[in-house]
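Please read the points below with the structure open beside you, and look up each residue as it is mentioned.

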Amino acid sequence: SKCEDDDEEDEEDEEGGPSRGEEGRAEVKEGRRLERRVENINEAGGAASESLREEGRAAATGKRGREVDQSRAAPRVGRRKLERLMETNRANGDPDYLGDGRRLVQHPRAKHGLLVGLIDRPAIGIECSVWASALPLWIPAASALGFSVTSLSLGRVAHRAYAAFVGRHYPSIRLDAQAKRYSASSQVVLVDDRRMIPSPDHYFWHRTKMLVVSTVGSMRPTWSSLPVGWNHDTVALGHADLGGVTTAEGFLTVIRRQPITVVPVPAFPPASMALILSDVIYGRSHSAIPEPSTPMSRPLLVGQEGTSPKYSAYGLLPHTDPRVLVVAPSVFSGVNMVCRQLTMDEMAKAWDLPTIFIDEMGSEELKFFVSEASGVLPTRILHEGLRAIWKGAGGVRSPEEAITRSPKRSAEKRKTVGTDRVESRRLEAKRGKTSPSSPSVSTISTVSTLASSTSLAVVEPSTVSASPIPSADPRSSVAPQSPLTSVPLPSACSTFTEGITEETELAQEPSVKAGAGEAHLAAKHDDAKVPTWMWNEASRRLWKEEWGNVPQPDQLEALCVALRKGSLHWWKCSVRQDFWKWFRSQSVEPRQGSSMVRWDPGSGRYVWVKRGPKSYAQAHYRLRQNPNFDAGADCLRRVANSSWWEWEDGSRILFWRWKGRERIMRDGQPHRLTGDLPSFRRRQNKPKDRAGVVRKITKVRERDYLIQGVTVLSLIHMFDVPKGTNDIRLVYNGTSSGLNRSLYGPHFTLPTVDTTLRALEQGSLSADIDIAEMFLNFMLDPKLRPYCGVDVSAIRSEDGSFEKGRKSTWEAWCRLWMGQTDSPYLAVQCMLWAEEIILGARGDESNPFQWARIELNLPGDKNYDPSKPWVAKVRHDDHLAADVFLYVDDARTVGHNFEACWRATRRYASMCNWLGIQDAARKRTMPSMTPGPWAGTMVDCATGLDGTVTQAKWTKGRDQVQEIAVMIQANPAAMPRTPNHEI
């Protein structure tokens with residue numbers, strides 16, 4: 001096990017061992033790392049700090065088999081022992097230290113202080129199984145620590161109540177029957193009911209490595225019937241001690257063969273029910289109750305109403321009776337307090353259910369959970385208890401580590417532990433060096449107390465192919481390489497090309513002038529050509545010397561064309577293989593083709609068995625009934641018909657790659673209705689520009705965005721508006737039909753030029769990416785399609801072969817369409833989900849969007865620098881991190897030099913295509929310090945950091961003001977004026 005490996009490392013470090021080259025070098029490197037780490041800890045002062053430094057130096061300078069002078073160096077210690085010593089010194093030197101690298105600091109804007117420390121994911125990539133007899137809260141608790149939950153086995157009652165919800169919310173988790181629970185589970189099993197654990201002589205104990213069992217209540221569980229050689233340890237946990245708002249308490253027991261030492265669970269700031277209660281809920285008026293200066297660690301009884309006790313919102317919630325009356329603030333009461341019961345959503349929040357859980361659970365599922373909540377441990381207890389157990393036990397050894405063990409592999413394994421930090425600029429000591437203006441202080445990290453038991457979703461990226469061809473799965477550890485990815489990206493530019501603006505390059509390269517004029521246009525014609533010179537120029541700039549001499553322009557063009565042709569074929573094959581692998585993992589239909597035929601020696605071939613053709617036809621019919629089959633076939637058809645630069649047959653979201661959101665991305669997001677859906681069947685008016693409208697509408701019909709086979713219950717009209725000088729844009733009028741009055745489109749914010757300032761400074765470069773067919777990339781909910789019909793009788797195309805197969809005059813939208821109230825919200829929401837995947841693992845230095853820390857440069861700080869952003873993400877090399885900002889369908893990438901900006905642009909575009917989102921390569925722009933307009937603003941980073949509006953926007957605003965002034969002068973009495981004191 002990993003725990004035994006760490007103990008062996010401690011013993012070898014203390015006793016020494018045979019001298020081995022690679023092992024010795026790994027030990028020296030580890031010792032130097034520990035020495036630097038110890039020197040940065042100010043809490044460990046005096047003799048203890050000096051002793052730790054000596055131990056680090058001894059580990060850094062000593063070699064295996066070499067005698068160490070005991071008079072000059074302290075006894076050598078292992079990594080885990082050194083960490084325990086540092087932990088002890090921290091606790092002794094800091095009265096506010098809460099344990100495990102966390103402390104509580106006071107802040108004027110935080111009522112109860114800030115929790116300072118790390119959000120770590122010590123079990124990242126470890127597979128586990130969950131056995132649950134209630135709502136499986138083990139899943140979010142384990143996922144926040146980095147576990148990958150592969151299977152779930154529910155009890156009989158829980159299966160009836162939650163199986164449908166788990167299938168919707170976690171489609172990638174396999175649901176195992178109770179009979180297969182013991183044979184199909186992973187090596188780490190998380191259990192919430194000890195009655196599910198088999199007897200000591202069961203074969204299950206020979207194939208598992210660790211069990212973690214949760215127990216509700218204050219009575220410590222006993223474990224007398226365990227297999228011989230298995231050990232157990234139990235940790236007691238209270239919800240209030242971990243920052244929870246209930247009085248729930250329980251135990252977590254870890255069972256494994258190796259000896260176990262559970263690390264202490266750190267303390268958390270106290271909390272109360274006020275954190276989870278909403279103040280916009282009605283109730284019976286109640287007199288005001290003063291809020292204590294500090295949250296109470298017990299329920300506060302304020303009286304009774306009949307036989308029901310009433311509790312203050314400033315205390316804890318009794319977990320045994322969660323339906324008690326609560327006196328809470330409310331905006332609907334004159335005294336701002338009401339007496340009411342908790343809603344089901346508030347109950348779920350009290351038990352730390354993730355917000356996405358609450359949003360997707362049905363009312364019956366939520367009601368069932370509330371009825372059994374008193375017998376369920378909150379998620380926070382499971383998370384913190386499992387974290388303490390896993391860090392103390394040291395994890396389990398993977399099958400690869402069981403084959404061979406080396407210090408190099410162990411060092412690489414230690415590097416995979418993910419931590420998320422937010423660091424202050426004025427408290428940072430960069431790489432062990434301090435600037436003259438900043439004091440030499442230790443680096444700290446701050447996180448919100450509300451996020452103490454959560455963790456960021458980290459996606460490990462791999463090399464992706466050049467845009468727009470998607471790469472292999474960024475979550476897989478081994479990705480197939482395309483011909484294009486066999487050439488590594490340059491790690492740094494050998495020449496100062498980032499200081500050369502696009503205009504300078506055009507002066508040096510007359511051959512590319514023709515395409516450069518379009519590079520910074522905000523909107524291009526839909527039929528514009530792709531500026532291929534841009535990719536060739538980027539290849540020339542980033543060419544590395546070890547690859548040989550830079551090819552001539554014609555040779556470079558031929559090389560790029562050959563790579564694109566080979567990579568396109570590889571990508572299409574990889575998408576097909578990726579889908580069928582996922583489909584077979586999700587299909588419940590067993591593969592039994594061999595049972596339908598038999599070998600006939602006489603004829604020398606396979607022949608059908610009795611009833612074989614009928615069985616085959618039935619199996620094929622059941623296969624076609626799977627909604628994933630038809631959707632996947634549509635995706636593969638569009639992929640097969642695409643070219644390198646464009647999805648020529650239209651696109652469809654490759655839904656199986658959106659982990660956790662497969663069903664929504666396959667069928668479409670649900671819509672929020674505010675009234676009854678309409679029934680509007682008035683014929684479509686004749687268009688002004690029929691030729692342009694026919695050209696536009698035929699394109700979406702040929703790409704099957706408008707489909708037949710749907711019973712149309714309501715129509716929507718369309719009209720055309722000018723786009724540029726010689727093009728039109730079709731807008732569909734959902735208002736006249738009454739559909740938009742029945743749909744609710746939530747308001748949401750969009751980034752502005754101020755948003756981009758956190759990633760810009762003098763010398764930064766920016767590039768633009770355009771999402772093609774923004775709304776049409778995403779599916780429309782099937783329930784709304786009958787109300788989104790289009791009358792095509794007057795705008796049919798001249799292609800007789802195409803129109804022959806489409807007899808119906810009414811066709812229906814199956815994609816989000818422009819003019820629908822909630823289309824912008826739903827499309828932008830999907831793009832932000834995609835951005836979570838695209839940004840990847842921020843700690844991976846090969847990721848273009850990598851960043852190491854957050855630097856704060858706030859007005860009022862002693863080291864405030866007005867030339868730098870207030871809040872900025874900083875890379876390991878101290879440059880500003882590359883970033884991307886999305887304004888509906890216009891994305892802008894920024895980077896500190898040409899290579900950083902180009903690589904960020906390349907990853908964003910290629911990953912969009914990897915997910916099934918179209919990238920309009922014809923609208924791509926070259927990285928530049930003076931990019932074109934974005935969100936109505938121009939930015940100039942060449943001589944400083946200047947932001948201006950475009951001349952067209954300025955003229956439009958000036959004309960509107962002048963128009964109002966003329967209207968007031970013409971008729972001053974037409975605009976009523978009310979004195980301020982009368983308003």
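1. A search across the whole structure, which is a predicted model, turns up 32 salt bridges. The points that follow take up some of these and then turn to a pair of helices.

2. Within helix α18, which spans residues 627–640, the side chains of Asp634 and Arg638 form a salt bridge, with N and O 3.2 Å apart. The two residues are separated by about one helical turn, because they stand four residues apart in this helix. Asp634 counts as buried because its relative accessible area is 15%, which falls under the limit of 20%, and Arg638 is likewise buried, with a value of 1%.

3. Which residue forms a salt bridge with Asp704? The partner is Arg637, and the closest N and O atoms of the pair are 3.5 Å apart. This pair links distant parts of the chain, since Arg637 belongs to helix α18 while Asp704 sits in the loop between α20 (690–702) and β21 (706–707), 67 residues apart. Asp704 is partly exposed, with a relative accessible area of 27%, and Arg637 is also partly exposed, at 30% relative accessibility.

4. A salt bridge also joins the side chains of Arg892 and Asp768, with a distance of 2.8 Å from N to O.

5. Salt bridges that share partners connect a set of residues into one network, whose members are Asp634, Arg637, Arg638, Asp649, Arg652, Arg701, Asp704, Arg806 and Glu811.

6. Helix α24 (residues 823–839) and helix α25 (residues 898–914) have axes that come within 10 Å and cross at roughly 120°, and the crossing of α24 past α25 is right-handed. On the α24 side the contact is made by Met831, Ile837 and Ile838, and on the α25 side by Arg907, Tyr908, Met911 and Cys912. Sorted by class, the contact of α24 with α25 has six nonpolar residues, one charged residue and no polar ones.

Key. Residues are numbered from 1 along each chain as its sequence is written. This is a predicted model: local features need pLDDT of at least 70, side-chain atom pairs count only at pLDDT 80 or more; totals for chains, interfaces and linings use all residues. Side-chain values use heavy atoms; hydrogens and water are left out. Axes are lines fitted to C-alpha atoms, for helices over the stretch in contact, and angles run from 0 to 180 degrees between N-to-C directions. A crossing is left-handed if the near helix is turned anticlockwise from the far one by less than a right angle, and right-handed if clockwise. Contact means heavy atoms within 4.5 Å. Ala, Val, Leu, Ile, Met, Phe, Trp, Tyr, Cys and Pro count as nonpolar, Asp, Glu, Lys and Arg as charged, and the others, Gly among them, as polar. A salt bridge is a side-chain nitrogen of Lys or Arg within 4 Å of a carboxyl oxygen of Asp or Glu. Buried means under 20% relative accessible area, exposed over 50%, partly exposed in between (1.4 Å probe, protein chains only).
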